[in-house]
Amino acid sequence: MNTFLTVYLKEVKDNLRDKRSVFFALLYGPLLLPLMVLGSLVGGIKKHSVNFDETLVVYAAGDVSAARQFLAEKNIRLKAAGENWQQRLRDGELNVVIELDQNYQQNLVDGRTAFVTFYFDSENDVSVKAKQRLHSAWQAYHSQLAALRLAARGMNEQLTRPFQFIDADIAETGGPEKTVARMLPFIVIMALTLGGFYLAVDICAGERERHSLEPLLSLSMRRSTLVFAKWAALCTFVCLAGALTLLSCFLLLNYIPLAELKRFFHIDAWMFLKLFFLMLPLMLFLASAMLLIASFARNAKEAQTHLGIAMMLPMAPFFLLEFLSIKASKLLFAIPVMSQFLLAERLVVDENLAVEALLLSFSSCLALAVIFLLQIIRIFSSENILTKEA
Amino acid sequence: MIEVKGLSKYYDKRGGAFMQKKQRICALADVSFCARDGEISALLGANGAGKSSALRIIATLLKADSGTVSVDGFDSASEALQVRKHLGFMPHNSGLYPRLTAVENIRYYAEIAGVTGDKLEKSLATLIPMLDMQEIAERRCGGFSQGQTMKVALARALIHKPKTLMLDEPSNGLDVMATRKLRTILRRLRDEGHCILLSSHIMQEVDALCDHVAIINEGRITLEGAVADIKRQTGQSNLEDAFVFAIGESLDENAEAQA
């Protein structure tokens, strides 16, 4: 067995026995994080979206027979509210109650304004959504009647409507879709850093702290072999964390019974596979960056502090893109992490990825990974790695 | 065999105060000594005398500012990998991997040193009973006693059957029985023809175990020779007095306390 493989297998085995490494790399990042982030995302979508295909049951106070047919066309069914409906509405037993003006029918015939009251509970999400749907259905009826009234009097309904506004969004991806599309790379990149965190600390600063580095370096092995083997072990954990995260996101998004998500996401196994390969150079880059930071530290505690601060950096592109409305330019595709965010959000909403952007992203990640690795080999070849006080 | 000639080593130490210039501290100055095959040699000195620096340079972990080191005929500066192949080194802190078992720790070092297959199994079959490690062999090293840790570290240093063995403060933290066991093992290795170099500040240990001693003080070798020769040269009957005499301190303990 060659030296590289020996060191690599030892690091993997040793860290698979470390509960913290395993928890963060294989459980927290890949499973708990998607559950937390996607869970709140799904909850938010569910809270604010209205399903027009589902039959809505609305409770009526008094005589609403005049509106029954029109509402039935909009898939809204009316039921008598019964006694004490106000209290039952507060208790959440009824979602929305509709009440028509006593002279509703007569007012409509005479061309006057008829009053329609929607009773709802603003503290109850179901009630608010039911009211929104009812309101929107009635709005369409309102516009239709207004036009008919004018036409019956020989006037063009456009007289009362000097402007018709049309919003034509030329953005490549829409607003809410963009936010949703950014969440997936956010979760994956966060899981990648969590996946490598404890391993980087253990195989570098930890090795120095428990004084195992000195006898190890006295063995007949090239320092570059040692660094490459440790880096490969770190890459394995980072890649494993990435693959498991993508798998759990795929399963979560496919098995959540929410039609709204399917509108935002292009969810299929092929997209997730492409996302994994898109993230692969970033995994190699992150592994070398974490190893470099840990190799500067004198002990495990210092490495944890430095890596903890550095872990904020991969999150920066998400917040920059989300809150500063940065326009994608070629230069951004040469910045590791930022380029993965940009490319991943395009992939998620099923856009074609430009070859030039992909090449820039891959080459910058790999070039930086190589530079970092050379620097780590330099550190391991220097006697400072042993003489620096822990 | 280890031959050290004119070895010097300086460390740059950053000053404590802000913007203070780096200080150059001399760890070794023109150090020369020899450790032969079939002998147990010792670098005897107080804490901070330069023993560990000398051993680390011999083990190719540090670079000397001047001087040469030869291990079994290989130059430590230009043939570092060859030196490491021929040397078994047990540093002051043994540095075992706590989540690996004793045997896994030893196997790891053996495989890096190129000892695999039947050769490795044979070495393990010899070393485990020799170091009385049968009970701890398959146990994880986290929580091992000092004695158990020392045994694993020694087995790790010996697994590739090096001709030359170096041990930095090997009996530190060991109880009487573990120390006696260590002495027995080292004598056995000496009788097999190994060159053994150890560093120590414990006079009784060196007196009881070593054939050849180099006394080191403030980075310089002050006296070198067989234990009996050192006693004779300093005119002292025990090694402790000979050591105190050799480093130029007063032999009168009361006078020292008053000073």
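**Strands, loops and chains**

Mentor: In this predicted model, strands β9 (residues 212–217) and β10 (residues 220–226) of chain B run antiparallel and are joined by six bridges.

Trainee: Which residue has a positive phi in the hairpin of β9(B) and β10(B)?
Mentor: That is E218(B), with phi near 50 degrees, in a hairpin with two residues between the strands. Most residues other than glycine have a negative phi.

Trainee: Where else in chain B does a residue other than glycine take a positive phi?
Mentor: Two loops and a helix end give examples. E169(B) has phi near 45 degrees and lies in the loop between β7 and α6 (176–191) of chain B. K161(B) has phi near 50 degrees and sits in the loop between α5 (146–158) and β7 (164–168) of chain B. D132(B), which follows α4(B), has a positive phi near 55 degrees.

Trainee: Why is K161(B) called partly exposed?
Mentor: Buried takes 20 or more other C-beta atoms within 10 Å, and exposed takes 12 or fewer. K161(B) has 16 C-beta neighbours inside 10 Å, so it counts as partly exposed.

Trainee: And is E169(B) buried or exposed?
Mentor: E169(B) has 20 other C-beta atoms within 10 Å, so it is buried. The cut-off is 20 or more.

Trainee: How do you know that β8 of chain B is largely enclosed by the rest of the structure?
Mentor: Strand β8 covers residues 195–200, and six of its six residues are buried, so the strand is largely enclosed. In a regular strand the side chains alternate between the two faces of the sheet. For β8(B), one side carries C195(B), L197(B) and S199(B), the other I196(B), L198(B) and S200(B), and all of them are buried.

Trainee: Which strands pair with β8(B)?
Mentor: Strand β3 (residues 40–44) of chain B pairs with β8(B) in the parallel sense over five bridges. There, I40(B) has I196(B) as its bridge partner. β7(B) and β8(B) also pair in the parallel sense over five bridges, with D168(B) standing opposite S199(B).

Trainee: What makes the length of helix α4 of chain B close to the expected value?
Mentor: Helix α4 spans residues 117–130, which is 14 residues, and it reaches 20 Å from its first C-alpha to its last. The expectation at 1.5 Å a residue is 20 Å, and the helix is close to that.

Trainee: Let's zoom out. How many helices and strands does chain B have?
Mentor: Chain B has 10 helices and 10 strands.

Trainee: What does chain A look like in the same terms?
Mentor: Chain A has 16 helices and four strands, and 37% of its 390 residues count as buried. It is divided into domain 1 (3–47 + 175–387) and domain 2 (56–160), with 54 Å between the two domain centres.

Trainee: Why is G154(A) called exposed?
Mentor: G154(A) has 6 other C-beta atoms within 10 Å. Exposed means 12 or fewer, so G154(A) falls in that class. G154(A) is in the loop between α6 (125–152) and α7 (175–209) of chain A.

Trainee: How many residues of the two chains are in contact?
Mentor: 21 residues of chain A are in contact with 23 residues of chain B. On the chain A side, α1 (3–16), α8 (213–217) and α16 (384–387) each supply at least two residues. The largest share, five residues, comes from α1(A). By class, that side has seven nonpolar, seven polar and seven charged residues.

Conventions:
Residues are numbered from 1 along each chain as its sequence is written. Chains are lettered from A and ligands numbered from 1 in the order in which they are written. This is a predicted model: local features need pLDDT of at least 70, side-chain atom pairs count only at pLDDT 80 or more; totals for chains, interfaces and linings use all residues. Two residues are in contact if their C-beta atoms, placed from the backbone, lie within 7 Å. Ala, Val, Leu, Ile, Met, Phe, Trp, Tyr, Cys and Pro count as nonpolar, Asp, Glu, Lys and Arg as charged, and the others, Gly among them, as polar. The expected span of a helix is 1.5 Å times one less than its number of residues. Domain bounds come from an automatic or database domain assignment. Two strands pair if DSSP finds at least two bridges between them.
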